[in-house]
Amino acid sequence: REPNVLNVLTGPPSKKAEDYNVVKRFMELKGKKVVCGSTTVQMVSRVLKTPVNIKDVSDGYHRPPSYEVEGIDYATEGAITLNQVYNIIDVEVDRLGSGSSVSDLARIFHESDIINFIVGTATNRAHKSLVFRQMGIFPREVIVKLFSDKLQKMGKLVSLEYV
């Protein structure tokens with residue numbers, strides 16, 4: 001069978017002037033497209049000139065919000081979601097709950113053979129918040145690397161591109 005390819009865009013590029021080029025390149029990739037990060041979702045929406053609709057309103061950190069953006073297969077909050085998916089990715093798929101962005105995203109990763117991360121290196125002030133540290137939430141650049149290592153141990157082919 002053909003491999004299932006997943007492309008994940010998380011975080012805006014370090015230079016705002018690169019937003020258009022990064023989104024354009026991301027959209028040209030073959031495979032499923034996932035955007036992780038509220039700011040990243042807004043950037044994609046702005047570049048694609050398409051609205052963002054909140055699909056799932058969050059009622060706490062345990063259930064990060066998800067969004068609908070035309071042309072994107074799945075969109076959700078970033079660091080919190082990636083941290084939570086990292087924590088449950090080794091759980092059997094049939095044990096994953098339903099109806100949350102964390103379980104939905106975990107299923108998408110499980111279904112994928114090749115995972116391409118495009119990681120924006122723009123500074124996110126929220127990642128420096130003591131609340132994030134207190135809850136054990138790693139910033140984007142840390143969690144993506146940890147997640148990549150875990151996915152590779154699961155037999156996935158993973159690439160990281162920093163923008």
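Student: How many aromatic pairs does a search of the whole structure find?

Tutor: A pair of aromatic rings is described by the distance of the centres and the angle of the planes. Rings of Phe, Tyr and Trp (its six-membered ring) pair if their centres lie within 6.5 Å; planes under 30 degrees apart are stacked, over 60 edge-to-face, and the rest tilted. The search finds 4 aromatic pairs here. Please note that this is a predicted model, in which local features need pLDDT of at least 70 and side-chain atom pairs count only at pLDDT 80 or more, while totals for chains, interfaces and linings use all residues. Residues are numbered from 1 along each chain as its sequence is written, and side-chain values use heavy atoms, with hydrogens and water left out.

Student: Which class of pair do tyrosine 86 and phenylalanine 147 form?

Tutor: Their pair is edge-to-face, with 6.2 Å centre to centre and 85° between the planes. Tyrosine 86 lies in helix H3 and phenylalanine 147 in helix H6, so the pair ties together parts that are 61 residues apart in sequence. Helices are DSSP runs (H or I, at least four residues), as are strands (E, at least two), numbered from the N terminus.

Student: Are tyrosine 86 and phenylalanine 147 buried or exposed?

Tutor: Buried means under 20% relative accessible area, exposed over 50%, and partly exposed in between (1.4 Å probe, protein chains only). Tyrosine 86 is buried at 19%, and phenylalanine 147 is buried at 1%. By contrast in geometry, phenylalanine 109 and phenylalanine 117 form a stacked pair, 6.1 Å centre to centre with 25° between the planes. Phenylalanine 109 is buried at 0%, and phenylalanine 117 is buried at 1%. Ring pairs link Tyr86, Phe109, Phe117 and Phe147 into a cluster.

Student: What sits over the ring of tyrosine 86?

Tutor: A charge sits over a ring if NZ of Lys or CZ of Arg is within 6 Å of the ring centre and within 35 degrees of the ring normal. Here the charged end of lysine 150 is over the tyrosine 86 ring, 4.1 Å from its centre.

Student: How many residues does the largest nonpolar core have?

Tutor: A nonpolar core is a set of buried Ala, Val, Leu, Ile, Met, Phe, Trp, Tyr and Cys residues joined through side-chain atoms within 4.5 Å. The largest has 23 residues, and Phe109, Phe117 and Phe147 have the most contacts inside it. Elements giving two or more residues to this core include strand S1 (5–10), helix H4 (101–111) and helix H6 (140–153). H4 gives the most, with 5 residues. Another core, of 15 residues, lies apart from it, and includes Leu9, Val41, Val47 and Val69.

Student: With which residues is phenylalanine 147 in contact, leaving aside its neighbours within four places in sequence?

Tutor: Contact means heavy atoms within 4.5 Å. Phenylalanine 147, with those neighbours left aside, is in contact with Leu82, Val85, Tyr86, Ile89, Phe109 and Phe117.

Student: Where do the buried residues of H6 fall, seen down its axis?

Tutor: An α-helix has 3.6 residues a turn, so residues three or four places apart point the same way. In H6, Arg140, Ile143, Val144, Phe147, Ser148 and Leu151 are buried. They fall within an arc of 140°, so they line one face of the helix; the arc is that of the directions from the helix axis to the C-beta atoms. Their cover includes S1, H3, H4, S6 and strand S7 (157–162).
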